Amino acid sequence: MQFSEKFEKRFAAWLTHYPVKRSVLVPSLLYVQDELGHLTDEAIAELAARLDLSVLEVNNVISYYSLLTRKPKGRYHVQVCTNICCMLRGAEEVYEAAQKKLGIGHKQVTPDARFSLEEVECIGACSWGPAMQVNYDYHEKLTPEAAERILDEYRTKDTQ
Amino acid sequence: MADLVSHPDEVKVVSRRFGQGAANLDRYLELDGYKAIQKALAMGADAVINEVKASNLRGRGGAGFPTGMKWSFVPKQAAKPKYVLCNGDESEPGTCKDRLIFEQDPHSLIEGVMIAAFSINSHQGYIYLRGEYRYLIEIMERAVADAYARGFLGKNIFGSGYDLDIFVHSGAGAYEVGEESALMESLEGKRGVPRIRPPFPAVVGLYGGPTIINNAETLASVPHILLGGGEWFANLGTPKNGGTRLFSLSGCVNRPGVYELPLGYNLKKLIEEVGGGVWKGRKLKAVVPGGSSVPILKADECDVNLDFDSLMKIGTMLGSGGVIVLDDQTCVVRFLLRTISFYQHESCGWCIPCREGTDWLKKTLKRFHGGGGVAKDIDNLAYLGENMMGRTFCPLGDAAAMPVIGIVKKFREEFEAHLDGRPCPFEAKEASELVGARTE
């Protein structure tokens, strides 16, 4: 199995960065997942073969890291921080608004596969909370209304 | 890009280039960039370590271990290659400062890693950033590529005969990976389960070789120390607590933000003057001064100086410098529940006291906050915490236990107010509906 040209270039470079090739596993899993949407059995088997690891061993690693998933996500994965600093500034109301707007709950995907939602731990935006990430993009100083507006913008973008 | 704030009391060392486009290599050079490494190369490795020792720089990630001393533990002769790791896993709740260094002054981190590597004769450095920090990984990768293109990294840097490679490495979501040994396991391509210490990384670290691992802010401080002198840096702070540090101020304040202040700055002043005081006209109830893992302080304990030793003396820690402010409308039981939910989620599962203890604590607190608590639960919480302390491979167990022990001790009446099926005095929600109290 070949991944995108962009990934293959990156993967080849990464192999030269470490004395032990297993070291490329975690970043490879994340960057492959970015391309495919989630980690498919085929992708897992491919990376395992390239790194001389068993599929079991690769699954062991996947199960540890919270950004890695073997289940499909939405095209826009909405990650709302509800940890203590964001909570103190109203993260619960923001999360409730996101749930209502999208019609889904924690770790669920909308039927059109456009959005998925997750309540996450601290994303390093404590002084600018409440905060969320959509895929890798940060959205901070949120109110429930602002969060709804941002999600509407993603919906509009996705339909264009 | 994150919002930058400022206050006249700030002493800008590590943040002195923020907001000035220093991610651009030419701009960085204009702002005294890559001068410190050249000075280091001329000084020699031993002199560099002595300068860092003289600065009284202590780890900015959480533990506050003296940096120069840590570097001096690396043996001069070693059978295996030596490494320098920049810990950019920043995941401690309340902490958002390394993010600004990656964003605003990435080259200062490269330069810090270079100086550290030179001081221990290492030829390979890795800058590990948490997976969520993708936009910062891109900035760091570009900065490293620019440094290579200019000949500052690679073979014979600055004509010194010294070779050094630095690579950027992405995580994939895990708080525990910020723990030094778990980070090394992750970098080696495995689950981030910690190693037992001793041996310490300085002797047996990455791939078994001697390794320096430092927090990003710690490493970013080093070039400034080399340029200004260890004594100058030490004198900015208090005895044995040198320099300035980035404080991440958050929670119930009018002006949250990241501020750089000298070690020893007063906590009450930070909240009232720098932070603009408690928001919404409310009163201060409590402060967690160093990230979620450190013991809580009541409002009347906040007239204290923010350095490692002063806070240790009163039973808490400077930690990551994440100052979290609670107002008088905050339920500490609910605050503790969300804190413990975090540790329960992030526990790697290796050690029984942490894996079972965090789970048990969370279940107890959830039932308690929902009105199902009995008096015995309150003492049980403290008992559980005490039995987790010091009984694990890594400090995550302690990090979960300390908030419990502290909050139960200092806010016992608030726990008692939740007994006998009474609703939480601060809100109407049941714990089972509470966001953040989900079971996985």
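## Exercises on two chains of a predicted model

The centres of domain 1 of chain A and domain 2 of chain A, taken over C-alpha atoms, are separated by 28 Å. In this predicted model, local features need pLDDT of at least 70 and side-chain atom pairs count only at pLDDT 80 or more, while totals for chains, interfaces and linings use all residues. Residues are numbered from 1 along each chain as its sequence is written, and chains are lettered from A and ligands numbered from 1 in the order in which they are written.

**Exercise 1.** Find which residues of chain A belong to domain 1 and which to domain 2.

*Solution.* Start from the domain bounds, which come from an automatic or database domain assignment. Domain 1 covers 5-64 and domain 2 covers 76-159.

**Exercise 2.** Work out the strand order of the open five-strand sheet in chain B, and see what packs on it.

*Solution.* Begin with the elements: helices (H or I, at least four residues) and strands (E, at least two) are DSSP runs, numbered from the N terminus. Two strands pair if DSSP finds at least two bridges between them. The order is then S6-S5-S9-S7-S8, with mixed pairing. At the edges sit strand S6 (257-262) and S8 of chain B, each pairing on one side only.

Now take the pairs one by one:

- S5 (residues 244-251) and S9(B) are parallel over four bridges, with B:Ser248 partnered by B:Gly322.
- S7 (residues 284-288) and S9 (residues 322-327) of chain B run antiparallel, joined by four bridges; B:Leu284 has B:Asp327 as its partner.
- S7(B) and S8 (residues 297-298) are antiparallel too, through two bridges, and B:Val287 faces B:Leu297.

**Exercise 3.** Decide whether B:Arg17 is buried or exposed, and list its contacts.

*Solution.* First, locate B:Arg17 in the segment before helix H1 (25-30) of chain B. Then apply the cut-offs: buried means 20 or more other C-beta atoms within 10 Å, exposed 12 or fewer, partly exposed in between, with C-beta atoms placed from the backbone. B:Arg17 is buried because it has 23 C-beta neighbours inside 10 Å. Finally, leaving aside neighbours within four places in sequence, B:Arg17 contacts B:Ala22, B:Leu31, B:Gln104, B:Asp105 and B:Ser108. B:Asp105 is 88 residues away in sequence, yet its C-alpha is 6.5 Å from that of B:Arg17.

Note on methods. Two residues are in contact if their C-beta atoms, placed from the backbone, lie within 7 Å. Axes are lines fitted to C-alpha atoms, for helices over the stretch in contact, and angles run from 0 to 180 degrees between N-to-C directions.
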